[in-house]
Amino acid sequence: MDGPPLLSTRVGFDDAVIPVDADSLRRDFIEKLFYQQAKFPAVATLNDHYLALAYVVRDRLLSRWTRTARTYFEEGSRTVAYLSAEFLLGPQLGNNVLCLRIEDAVREALKPLNLSLDALLAHEEEPGLGNGGLGRLAACYMDSLATLSIPAIGYGIRYEYGIFDQKIQNGQQIELADKWLRYGNPWEIPRPQILHPVGFGGATHHYTDEHGRFRVKWTPARMVNGIPYDTPVLGYGTETANFLRLWHAVASEAFDFQAFNAGDYYRAVEDKVRSETISKVLYPNDVALSGRQLRLEQQYLLVACSLRDMIRIHLQRAPSIHHLHEKYAIQLNDTHPALAVLELMRILVDEYDLGWEEAWAITVKSFGYTNHTLLPEALETWGLPLFGSLLPRHLEIVFEINQRFLSVVRSKYPGDETRVGRMSLVDERGERYVRMAHVACVGCHTINGVADMHSRLLKETVLKDFAEMYPARFSNVTNGITPRRFLALANPGLAGLITDAIGDGWQVNLDHLSKLEPLANDAAFRAAFRRVKHENKRLLAEHVNLATGLDLDPKTLLSVQVKRIHEYKRQVLNLLHVVTSCLRIQAGVLPETRRTFLFAGKAAPGYFMAKLVIRLIHDVADWARLDPDVRQWISVLFVPDFNVKIAERIYPAADLSVQISTAGKEASGTGNMKQSLNGALTIGTLDGANVEIREHVGADNFYLFGLRADEVRERKAAGYRPWELAESDAELRAALDLIGSGQLSGGDRERYAPLIRSLLEHDEYMVLSDYRAYVEAEERVSIAYCDTEAWTRRAVQTVARMGYFSSDRSIRDYCREIWKVEPVNIPAR
């Protein structure tokens, strides 16, 4: 015999039943502690206990994952490939216990061991593989894809250091390395046997082959390898487990033995260090050229490895690559993975010898593109010198696509060279740039926005030319959130109240929440709802005290603005209202109710103005706290290091969701949905998904203010003079003067001078224009909150009307309108 006989593909699956009763879980936990952690109870640490339990739970996931993978393989299932630079998963233990529906059994298993599930959940390190909404949306979609039994693979990067840990020192943000892997990650499965080479730099050689065809060979100057780490993603109450595949960059040769023997120890490991840097950090600062190059290397690593992996899987069963687009629906989550269009063309034309037309047809049919921004500066571009030096063959492909595309544009719009320049894949003005959003629009069969308003504005503004040329490609899929994590897991008190009232099933069909509508008029239910909200505020207060040493009074109206710190999100507008309220109190004008204004969020390390806003929040907070009259009515808090785990504490506690971005700037937002789902009323502008939230929850449950997007454009076009607003509004002038006077900053009048100058001279995001309307809307909030029963009634109505905003609905929309993918039933054991 040449070797041992091959096992049947079905061996072990039907017989390997892993029980989930408490006794079995406890026995397996002890075995993991002894045989995986190599610890006995007397010396085992909290981390040992966490890892042991995680491995016990993971075994239950893997049994479903292997059955799911086998089913997909045997059926050749059409699969969604979701490419995203970010996957902000959040802690995994609690979510997996929830999806397996074994929480009671786990608690019972741990009780005789004197261990607390809550303590183990609190100990878990969160993988910070995302910056905010983009990565969290990707994670919600992976959750929904599994819950709906849709075959899917998420492709991303395994950043060794994720989004930085935020520390506040003297009111200023300090960035620290996010060492999320320091104690190990029990949820990932390394796959070192799967290795994909990735090239950079070098040169291309053009020649004619033996059949007289023009050919190109790219010879990279440097090679790295991508190795995948897989994380299973389990659906709720289903047998389906998809997976997230994250790429880790390693050197093709990790150690130069000759250099080491020659005494050149640095050169011996130079290639290893340089290669592994690619997947070292999420979003390196791109102010310097080296940072921009690293970002481009990251994006190419992601798409090159992911496409090669898809092709590898496809060819396990398919005889050729010609039907790749029938196997995969590849979704580009924003422009970061748009290089995939160019890379797939390179692979098909250069490596598989397909003709250009066939390769282009396969490419366009394979890809869909989700746009996430209306900010022109956020539509990614790459300077030609950098792009050409790093990816010379891809630049040639850009030029070829562009030449063919612009000939079609000229044919459709003869004589309109201005339009041709606007639509070109290469910005020819000044230093030339490759426009990645244009690459995506030309190379994808669908282009979707993420809220009704966003999708409309895309077609009217930043992608107007493409919408006119390819109207059938454009569509909308409004974002959604998973109710499993952001209600069932984050808010067990409200989840239990809902289940007791309307029964189970809402976790997988959020439209069932509409059954709560009559209970908004039930006094007993409203009282129970208030008790849940108060308890959530009390639990948040404990966390705030531990994190900051400050107190949060659960009896106050909790106003929450938690999101990335950015000028267009207008934390400054919120602060101007806070300062105005404090000045009124100092003048003897007391508010209707006591308020806590809670902020959280991170500023990009190189974003000066955003970091200045964080400092202003702390200075305002200190000023309010030191005034004995003000602090009786107003408290301002900043919760550091905002992430998914902290969000799960804040969202259930919020009374008022502050969603006040400049109209026309926010693509969608999902924090607005999460707070509404947990019973917060909203104060906001008609921006992003706010528009649809207001339509669903009702205008009475949404405190609307501010300019509309068209009014913003009109006011700017007419010649906006923000300083005139400050001159004509005494309270606005007083708030600005206070901030600029040095009174908040220890006499330093220069600290906030750049901010004040920006507001008075430019006010790009219309803060001063919306100030008065915002103050008046906040006054309506304070008055309404005094009527406890009416406020609670409206909070219950809000929860009852949030069914539309489930990410399950979003994924069904994608499957029906864009991906053309059907569920695949995974048989139970």
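A polar contact is a pair of N or O atoms within 3.5 Å; within protein, one atom must be able to donate a hydrogen and the other to accept it, and residues adjacent in sequence count only if both atoms are side-chain atoms. The exercises below concern a predicted model, in which local features need pLDDT of at least 70, side-chain atom pairs count only at pLDDT 80 or more, and totals for chains, interfaces and linings use all residues. Residues are numbered from 1 along each chain as its sequence is written, and side-chain values use heavy atoms, with hydrogens and water left out.

**Exercise 1. Describe the surroundings of R222.**

Solution. 
Step 1. Locate the residue: R222 belongs to strand β9, residues 222-234. Helices (H or I, at least four residues) and strands (E, at least two) are DSSP runs, numbered from the N terminus.
Step 2. Judge its exposure. Buried means under 20% relative accessible area, exposed over 50%, and partly exposed in between (1.4 Å probe, protein chains only). R222 has a relative accessibility of 9% and therefore counts as buried.
Step 3. Find its polar partner: the side chains of R222 and E297 are joined by a polar contact of 2.6 Å.
Step 4. List the contacts, where contact means heavy atoms within 4.5 Å. Apart from neighbours within four places in sequence, R222 touches V198, G199, F200, R274, I278 and E297.

**Exercise 2. Determine which residue forms a side-chain polar contact with E648.**

Solution. 
Step 1. E648 is part of helix α24, residues 644-650.
Step 2. Its relative accessible area is 13%, so E648 is buried.
Step 3. The partner is R485, whose side chain makes a polar contact of 2.6 Å with that of E648.
Step 4. When neighbours within four places in sequence are set aside, the residues in contact with E648 are P91, R485, L489 and A490.

**Exercise 3. Classify the packing of helices α21 and α32.**

Solution. 
Step 1. The axes of α21 (residues 523-548) and α32 are 10 Å apart, at an angle of about 85°.
Step 2. This angle makes α21 roughly perpendicular to α32.
Step 3. The contact involves F525, R526, F529 and R530 of α21, together with T788, E789, T792, R793, A795, V796 and V799 of α32.
Step 4. By class, five nonpolar, two polar and four charged residues make up the contact of α21 with α32.

**Exercise 4. Examine the phi values of D334 and D641.**

Solution. 
Step 1. Recall the background: most residues other than glycine have a negative phi.
Step 2. D334, although not a glycine, has a positive phi of about 80°. D334 lies in the loop between β11 (328-333) and α11, and it counts as buried at 10% relative accessibility.
Step 3. D641, also not a glycine, has a positive phi near 60°. D641 is placed in the loop between β20 (634-638) and α24, and its relative accessibility of 19% counts as buried.

**Exercise 5. State where M423 lies and what it contacts.**

Solution. 
Step 1. M423 is found in helix α15, residues 417-423.
Step 2. With 0% relative accessibility, M423 counts as buried.
Step 3. Beyond neighbours within four places in sequence, M423 is in contact with F405, L406, V409, R435, H438, D465, F466 and M469.

How values were computed. Axes fitted to C-alpha atoms, helices over the stretch in contact; angles between N-to-C directions. Parallel < 35°, antiparallel > 145°, perpendicular 65-115°, else oblique. Nonpolar A, V, L, I, M, F, W, Y, C, P; charged D, E, K, R; others polar.
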